[in-house]
Amino acid sequence: MSPADLCHMRHALTLARRGLGRTWPNPAVGCVIVAPDGRVVGRGVTAPGGRPHAEPQALAQAGAAARGATAYVTLEPCAHHGRTPPCAEALVAAGVARVVTALTDPDPRVAGGGHAILRAAGIEVTEGVLAMPAARVNAGFFSRVTRGRPLVTLKIAATLDGRIATASGESRWITGAEARRRVHAMRASHDAVMVGAGTALADDPMLDVRDMGAMPQPVRIVVDSRLRLPVDCRLGRSAGAQPVWLVHTAAAPAPARDAWRAAGAELFEVAATPEGRVDPLAALSALGARGLTRVFCEGGAALAAALSTADLIDEIVWFTAGALIGGDGRAGMGALGLGRLELAPRFRLESVEPVGPDIVHFWRRAT
């Protein structure tokens, strides 16, 4: 791994991150084409919606300068014919001399096939450059392909004593403007924003990205076993303009289903738990089958507890405000029914950052 390889792959990973939340069901891939003299002659990132891929865009920008160049790609070039020809074949046709990749694509349609096409054409292939940061970028895509469900990030904004609202339900605003803006940026980097029915009923949220200029909006998901959420809420009134998905059980009444479909929402009927709630694994499996790779869960406490009990939380983003509400306030996590401390789900601290007057902790599932 030369310094040049590391530098250009970091460049490609920076491009890939720009695609997060926009490229599902495809991965967010970055590609950089570098001429023999070290000049960057082409750059590309997977386009919104997943097409076109990063490689053909970078090659188009490079033009004839791609011949004899090195292509840095954050994920193995695809090897299968879909709506577009394989990217591995496009690299061969362009005459690149070398391809450097970070990861092998776990998709069974590729899974080493792209590398094989390149080597069969006489192209030098170097694999595994900055594999760990590349895996972080596309952890959601890898989760959908290998586990059949999207990556789940749980976001909680709470006081120092872990409360998300007063006893009366007042929660606006626990954290400051800077933290709220940071949350909107996080929404933008996920395919979907998800809440439970209780939060949707209490807050009547929009769950969109605001004050960040024009950009693709995430899918808005409500987990609502009986479709209690009225269709005249803000989500219902805007469902025709921005996607709204409702995950429910067989207990949801037909009139409510018809009303939400008429409003433009997409409905997912999934299995129920013995208590009649939406089975969280069934819900995420349905969302993964629909193509989602990254879901940003913003509560409430019951949904957070259900996901935790089912061991389905991959990351936690916890905003803490310098305030106290007390034991009569509403907790950020519902009851988990733990009888022993050793059964508590464990997460590993990744980083802590100040955000205006608040702080944010980033946690990842302990393995």
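## A tour from the pocket between two domains

Start at the second largest pocket: domain 1 (3-137) and domain 2 (148-365) both give residues to its lining, so it lies between them. The domain bounds come from an automatic or database domain assignment. This is a predicted model, in which local features need pLDDT of at least 70 and side-chain atom pairs count only at pLDDT 80 or more, while totals for chains, interfaces and linings use all residues. Numbering runs from 1 along each chain as its sequence is written, and side-chain values use heavy atoms, with hydrogens and water left out.

**Stop 1: the pocket**

Select Leu20, Ser189, Arg294, Glu315 and Phe362. Of the 25 lining residues, these lie nearest the centre of the second largest pocket. A pocket here is an open set of points on a 1 Å grid over the protein atoms alone, where a 1.4 Å probe fits, with protein on both sides within 12 Å along at least five of seven lines; lining residues have an atom within 4 Å of a point. Its space is about 690 Å³, taken as the volume filled by probe spheres set on the points, which are joined across faces, edges and corners.

Next, colour the elements. Those giving two or more residues to the lining include helix H1 (3-18), helix H7 (177-188) and strand S16 (358-365). H7 gives the largest share, four residues. Helices (H or I, at least four residues) and strands (E, at least two) are DSSP runs, numbered from the N terminus. By class, the lining has 11 nonpolar, four polar and 10 charged residues. Nonpolar covers Ala, Val, Leu, Ile, Met, Phe, Trp, Tyr, Cys and Pro; charged covers Asp, Glu, Lys and Arg; the others, Gly among them, are polar.

**Stop 2: the two domains**

Zoom out. The centres of domain 1 and domain 2, taken over C-alpha atoms, are separated by 34 Å. Seven residues of domain 1 are in contact (heavy atoms within 4.5 Å) with 15 residues of domain 2.

**Stop 3: Leu13 in H1**

Select Leu13, in helix H1. With a relative accessible area of 3%, Leu13 is buried. Buried means under 20% relative accessible area, exposed over 50%, partly exposed in between (1.4 Å probe, protein chains only). Not counting residues up to four places away in sequence, Leu13 touches Thr74, Leu130, Pro133, Ala134 and Val137.

**Stop 4: helix H2**

Select residues 54-62. Ala54, Glu55, Ala58, Leu59 and Ala62 are buried in H2. Down the axis of H2, these residues fall within an arc of 125°, so they line one face of the helix. The arc is that of the directions from the helix axis to the C-beta atoms. Turned away from that side are the exposed Ala60 and Gln61. The buried residues pack against strands S1 (30-34), S2 (40-45) and S3 (70-73), and helix H3 (87-94). Gly63 follows H2, with a positive phi near 60°.

**Stop 5: helix H4**

Move to residues 113-120. Gly114, His115 and Leu118 are the buried residues of H4. They cover an arc of only 100° around the axis, which puts them on the same side of H4. Their packing partners are H3, strand S4 (98-101) and strand S5 (124-126). After H4 comes Gly122, whose phi is positive, near 85°.

**Stop 6: Thr249**

Finish in the loop between strand S10 (244-248) and helix H10 (254-263), the place of Thr249. At 2% relative accessibility, Thr249 counts as buried. Leaving aside neighbours within four places in sequence, its contacts include Ser225, Arg257, Glu269 and Val278.
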